[in-house]
Structure formats: C-alpha cells, structure tokens
Amino acid sequence: TNIEVLELLKERRNRKVDDTNYSMTIELQNREYIEKKTIDYIKSTYLKDKSLDSMKECVKALMDPQFNLTEAEIVQIINTCPQSDVEFYLIIEDCSDRLDEDQMSRIKEITEFMMADP
C-alpha cells in the first residue's frame, strides 16, 4: 500500500542523511527526485497521517472471506479510500454480482474508519 511505500522511503531518506560518504551521481539524483515526488504525493493524500497499524487493521477487516476481495482490490481500497458506490464499482470487479448491499455497507464502514483522524 502507499502507507508502506511512504514508510520505506522515509527509512531510506533517514539512512542517506546518516551516510557521510553519500555522493550524488546523476542516477542517484534521479532516484532522489522520484522518491521525493512520491513522498510529496502520498503526503498530499489522506494517508499522510495514517499508521501502519491502522492500515493493517483495515486490511485484516477487508480480507474477511465474506467480501471475497482480491489482494489488488484491497490495496486499491486502502490507497484510494472510495466513498461512493461508483468508486467501489470501479475498483471491485463484478461488484454487483459479488457483493450485496450489507457487504458494501460494511466495506464503506471500514473505509470510513480508515479516513477517520489518526
């Protein structure tokens, strides 16, 4: 998920600061630029203040067999936190065939929990 990516990039940046022998080749400058842009993007989303623990709780809840969601669908739900039926239908393949209204409501509750303040 994007939360895991953010944590990984933060760790990498912290290690670089500690490394006094760190020299900036063109390749490293490009990677540094991409990492910074990625961090900036994730920090601009609702995920900026979320913890790995809250994300893991949501993943665990979404992995409930009653939903029958794929790993890719779970990652997309965590990363985008859909709020409308249209967004869910774009993420979950054959949504109307696979999920009933109660299941959709439960998934929405889980995403609302994810959106809540940390």
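## A salt-bridge network

Arg12, Arg31 and Glu35 are joined in a network of salt bridges. A salt bridge here is a side-chain nitrogen of Lys or Arg within 4 Å of a carboxyl oxygen of Asp or Glu. By this rule there are seven salt bridges. The model is predicted: local features need pLDDT of at least 70, side-chain atom pairs count only at pLDDT 80 or more, and totals for chains, interfaces and linings use all residues. Residues are numbered from 1 along each chain as its sequence is written, and side-chain values use heavy atoms, leaving out hydrogens and water.

## Glutamate 35 and its two partners

Start with arginine 12. Its salt bridge with glutamate 35 has its closest N and O atoms 3.0 Å apart. This pair links distant parts of the chain: glutamate 35 lies in helix H2 (residues 26-43), arginine 12 in helix H1 (residues 2-18), 23 residues apart. Helices are DSSP runs (H or I, at least four residues), numbered from the N terminus.

Glutamate 35 also meets arginine 31 in a salt bridge, at 3.6 Å from N to O. These two are four residues apart in helix H2, so about one helical turn separates them.

Glutamate 35 is buried, at 6%. Arginine 12 is partly exposed, at 26%. Arginine 31 is partly exposed too, at 36%.

## A bridge from H4 to H6

Glutamate 73 forms a salt bridge with arginine 98, and their closest N and O atoms are 2.8 Å apart. This pair also links distant parts of the chain: glutamate 73 is in helix H4, arginine 98 in helix H6 (residues 95-98), 25 residues apart. Glutamate 73 is buried, with 4% relative accessibility. Arginine 98 is partly exposed, at 24%.

## How H3 packs on H4

Two packed helices are described by the angle between their axes and the distance between the axes. Helix H3 (residues 52-62) and helix H4 (residues 71-80) pack at about 140°, with axes 10 Å apart. Axes are lines fitted to C-alpha atoms over the stretch in contact, and angles run from 0 to 180 degrees between N-to-C directions. H3 and H4 are therefore oblique to each other. Angles under 35 degrees count as roughly parallel, over 145 as roughly antiparallel, 65 to 115 as roughly perpendicular, and the rest as oblique.

Which residues meet? Met55, Cys58, Val59 and Leu62 in H3 contact Ile74, Ile77 and Ile78 in H4, where contact means heavy atoms within 4.5 Å.

Methods:
Buried means under 20% relative accessible area, exposed over 50%, partly exposed in between (1.4 Å probe, protein chains only).
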